[in-house]
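Here is a short walk through one structure. Have the sequence and the 3D view at hand.

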Amino acid sequence: MRAALILCLWLMSMGGAAAQSNPLQEAHNRTIQAFQTGDTAATIKAAEAAFALSQQLPDTDLESILWAYNNLSQALTLAAEDPARARRLLEEALALAQTNDRAGSQAGLTARANLAALLAQDGTLDRARALVEDGMALARGGPYQADFAGARAEFYLTNGPYTQAAVAISELLSVNPQLIRNSYGDLFVRLSRLIDAAEADGL
């Protein structure tokens with residue numbers, strides 16, 4: 001799942017920028033390392049350990065705690081295990097972020113995007129779209145505007161309407177065109193195919 005890959009790349013970036021390591025960051029790094037090997041069982045085990053550790057930390061390390069919720073949910077989703085728990089973890093992460101003024105943070109926005117994807121898979125599209133649009137409003141003008149625009153484009157390419165995906169890709173291009181080349185080039189291909197199919201159908 002693309003969202004899981006984006007999540008781990010964001011987390012790697014956050015960890016690399018950290019001035020010093022800490023036990024929870026080290027636990028996150030073990031989750032990433034397991035993910036990179038493709039071993040889903042090991043990824044879940046590492047994410048479970050990081051999540052357990054996160055519950056022992058004070059709220060001052062809240063961003064890292066939110067990553068623990070995100071990563072465990074994504075590990076479960078990748079393994080197609082316990083979807084109810086995966087969704088519940090993201091619901092809890094989002095509530096925690098909103099309560100503590102972190103809804104627009106990197107981890108808060110990731111929880112929102114991942115929850116929207118799971119809700120859409122379950123057919124709860126109205127709430128999923130609301131989460132995406134609210135997230136885009138939160139992200140605009142901040143350091144994660146381009147990243148969330150990419151997640152928004154991905155959402156609409158998967159769930160429709162593709163016209164909204166085109167709007168999101170345009171926003172991504174206007175903010176950080178480098179991301180298209182490095183991470184989101186396939187969005188153009190997918191959008192082009194949808195447009196070609198619509199034109200073939202006379203839409």
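Rings of Phe, Tyr and Trp count as a pair if their centres lie within 6.5 Å. This is a predicted model. A search of the whole structure finds two aromatic pairs.

Start with F51 and Y69. Their ring centres are 4.9 Å apart, and the planes stand at 90 degrees. Planes over 60 degrees apart count as edge-to-face, and the pair of F51 and Y69 is edge-to-face. F51 lies in helix α3, residues 40-54. Y69 lies in helix α4, residues 62-78. The pair therefore ties together parts that are 18 residues apart in sequence.

Now turn to F155 and Y156. Their ring centres are 5.2 Å apart and their planes meet at 85 degrees, so this pair is edge-to-face. F155 and Y156 are buried.

Next come two helices. Two packed helices are described by the angle between their axes and the distance between the axes. Helix α6 covers residues 106-121, and helix α7 covers residues 125-139. Their axes come within 8 Å and cross at roughly 160 degrees. Angles over 145 degrees count as roughly antiparallel, and α6 is therefore roughly antiparallel to α7. The crossing of α6 and α7 is left-handed.

Which residues make the contact? From α6 come L109, R112, L115, A116, L119 and A120. From α7 come L125, R127, A128, L131, V132, D134, G135, L138 and A139. The residues of this contact divide into 11 nonpolar, one polar and three charged.

How values were computed. Residues numbered from 1 in each chain as written. Predicted model: local features only at pLDDT ≥ 70, side-chain atom pairs only at ≥ 80, totals over all residues. Heavy atoms only, no water. Axes fitted to C-alpha atoms, helices over the stretch in contact; angles between N-to-C directions. Helix = DSSP H or I, 4+ residues; strand = E, 2+ residues; numbered from the N terminus. Parallel < 35°, antiparallel > 145°, perpendicular 65-115°, else oblique. Left-handed = near helix turned anticlockwise from the far one by under 90°. Contact = heavy atoms within 4.5 Å. Nonpolar A, V, L, I, M, F, W, Y, C, P; charged D, E, K, R; others polar. Phe/Tyr/Trp six-rings, centres within 6.5 Å; stacked < 30°, edge-to-face > 60°. Buried < 20%, exposed > 50% of the residue type's maximum accessible area, 1.4 Å probe, protein only.
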